[in-house]
Each structure stands twice: as C-alpha cells, then as structure tokens.
Amino acid sequence: MDLTLATREVDGRAVVAVGGEIDVYTAPKLRDCITDLVSAGTYDIVIDLEAVEFLDSTGLGVLVGGLKKVRAHDGSLDLVCTQERLLKIFRITGLAKVFTIHDTVGSAPSA
C-alpha cells in the first residue's frame, strides 16, 4: 500500500490529508511534506489521519519530529483521527497526551 498526501489550507492552517499506510517505507514522504511546509514558513499544521489504514513506530516518529519542528517556531501540529485502532496506538505510547487530537478538521482551532 502506498501513501497519499494532499495539502490544502483551511482557516489559515495547512491541512495534510494522509491516506494509506505510514510505515518504514512511506514515512519519509510524510516527513518531507512536513519539512517542506515548515521550510516555507508554515508553522500551524493539521495532519488528517482519517484515511490512514496502518501506522507504525516510524510513522509515529515522523509525527513527533514534525511536532518538534513546528514548536521550534512557536507553531502547532494537531491531528485529526477518529479511528479507534489508531487512537489506541496514541494512548498506549503516551502520545495522546503530547498531540492534540480532533474529531474533524473543522474542530482544529485556526491559527
């Protein structure tokens, strides 16, 4: 399974809709997307995980790395996720306390 990324702007924030599997093979694509946004001066990012079918530790590492990148510029990286199997991963790893996780893109606060 491949990884799809679609970036759009909603209420002044970059929203990256992610689809497919985020694993050791595809995670660099997401990392590059986040890095490109930050390099372009975008520090408030929402990662929409609703179409993600699989997320491994490499993917979690990319999300944490992205969070560190935006926080270095006083930005934010929020997640959109309602899938229980993904939310369980965030709870088990303790990352549910690190990330702000929303039910919809619209519920993520604007910049």
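## Basis

This is a predicted model, in which local features need pLDDT of at least 70 and side-chain atom pairs count only at pLDDT 80 or more, while totals for chains, interfaces and linings use all residues. Residues are numbered from 1 along each chain as its sequence is written, and side-chain values use heavy atoms, with hydrogens and water left out.

## Fold and size

The protein has three helices and five strands, in the order β-β-α-β-α-β-α-β from the N terminus. Helices (H or I, at least four residues) and strands (E, at least two) are DSSP runs, numbered from the N terminus.

The C-alpha trace spans about 30 × 25 × 20 Å along its principal axes. Of the 111 residues, 42% count as buried; buried means under 20% relative accessible area, exposed over 50%, and partly exposed in between (1.4 Å probe, protein chains only).

## Salt bridges

Two salt bridges are found in the whole structure, each being a side-chain nitrogen of Lys or Arg within 4 Å of a carboxyl oxygen of Asp or Glu. One of them joins Arg-13 and Asp-78, at 3.3 Å from N to O. Arg-13 lies in strand E2 (residues 13-22) and Asp-78 in strand E4 (residues 76-80), so this pair ties together parts 65 residues apart in sequence. Both Arg-13 and Asp-78 are buried.

Arg-91 and Glu-84 form a salt bridge with their closest N and O atoms 2.1 Å apart. Arg-91 is partly exposed, at 47% relative accessible area, and Glu-84 is also partly exposed, at 47%.
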